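Please read the points below alongside the sequence and the model.

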Amino acid sequence: MIVLKVVLIGDGGVGKTAIRERYLGKGFDAQYVLTIGADFATKDDVIYGTPVRYQIWDLAGQERFDGVRGVYYRGALGALLVFDVTRPDSYFNVPKWVKELWANNGRGKLPIVFVANKIDMRESGEETISAEQGRLFAEKLTKMTSREGFACHYIETSAKTGVKIKDAFSLLGESIMKYAEKRNMIKQKTSHPVQSIPSQPIVKQMQQK
Ligand SMILES: Nc1nc2c(ncn2[C@@H]2O[C@H](COP(=O)(O)OP(=O)(O)OP(=O)(O)O)[C@@H](O)[C@H]2O)c(=O)[nH]1
Ligand SMILES: [Mg+2]
């Protein structure tokens, strides 16, 4: 089993906790209970034929937690960077989150999946950040990481309806496996499903260094 530490980041109230709970099969709660510091959960999945365990750190997005958030990034291998399509400020703030992630995890540039959440709200006719704007930023991120061997994908989700929540984690897992392969952190090829499973959690060992 390979352990992948991932962080959920983005402004307060964009839906990070709702995405995590939906991914864990806990349904959707319409009430906003802000995260204090960080919440933690694990979930197992299979990426490129390899069993992985996501260690999910769901970080508090409110500015009042800016001072404590840094410690949670250490050892992370990737992030879901979430914004709320109904709140332009949460979209324009994303560079702050990229900077914070890359500055604090201990390895520099990491895979990111850029997540446009609350797309169910588009149906209400409310003005929202467009898919084109979302893709534009993901392309910028991909250019910034072109030497690292992974792309930064863009995906549109709704924690309310559940649409594309699992896909967001799968995309991140795939990018992380490519990243880890390029850095020789894992032995298997990501281009083919692999049969053999490493006996030790190699990525976890790397994390603990
Ligand atoms: N309509 C709709 N509401 C959502 C969606 N995702 C989250 N919400 C609501 O948005 C509010 C904030 O969601 P949270 O998941 O708590 O936000 P957060 O990003 O974890 O916020 P912090 O913990 O403060 O950083 C809650 O009232 C959720 O029910 C969604 O996809 N659609
Ligand atoms: Mg939260």
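**Notes on the sheet and the ligand shell**

1. Strands β1 (residues 2–9) and β3 pair in the parallel sense, over seven bridges. Strands are DSSP runs of E of at least two residues, helices runs of H or I of at least four, both numbered from the N terminus; two strands pair if DSSP finds at least two bridges between them. V6 stands opposite I56 of β3, and V7 opposite W57.

2. This is a predicted model, in which local features need pLDDT of at least 70, side-chain atom pairs count only at pLDDT 80 or more, and totals for chains, interfaces and linings use all residues. Residues are numbered from 1 along each chain as its sequence is written, while chains are lettered from A and ligands numbered from 1 in the order in which they are written.

3. On β3 there is also an antiparallel pairing with β2 (residues 38–47), over 10 bridges. T42 has Q55 as its bridge partner in β3. Two residues lie between the strands of this hairpin, where Y48 takes a positive phi near 50°.

4. The open sheet has six strands in the order β2-β3-β1-β4-β5-β6, with mixed pairing. Because β2 and β6 (154–156) stand at the edges with a single partner strand each, one side of each is left without a neighbour in the sheet.

5. Around ligand 1 there are 23 residues (C-beta atom, placed from the backbone, within 6 Å). The closest are G15, T17, A18, T35 and G61. Helix α1 (residues 16–23) gives the most to this shell, three residues.
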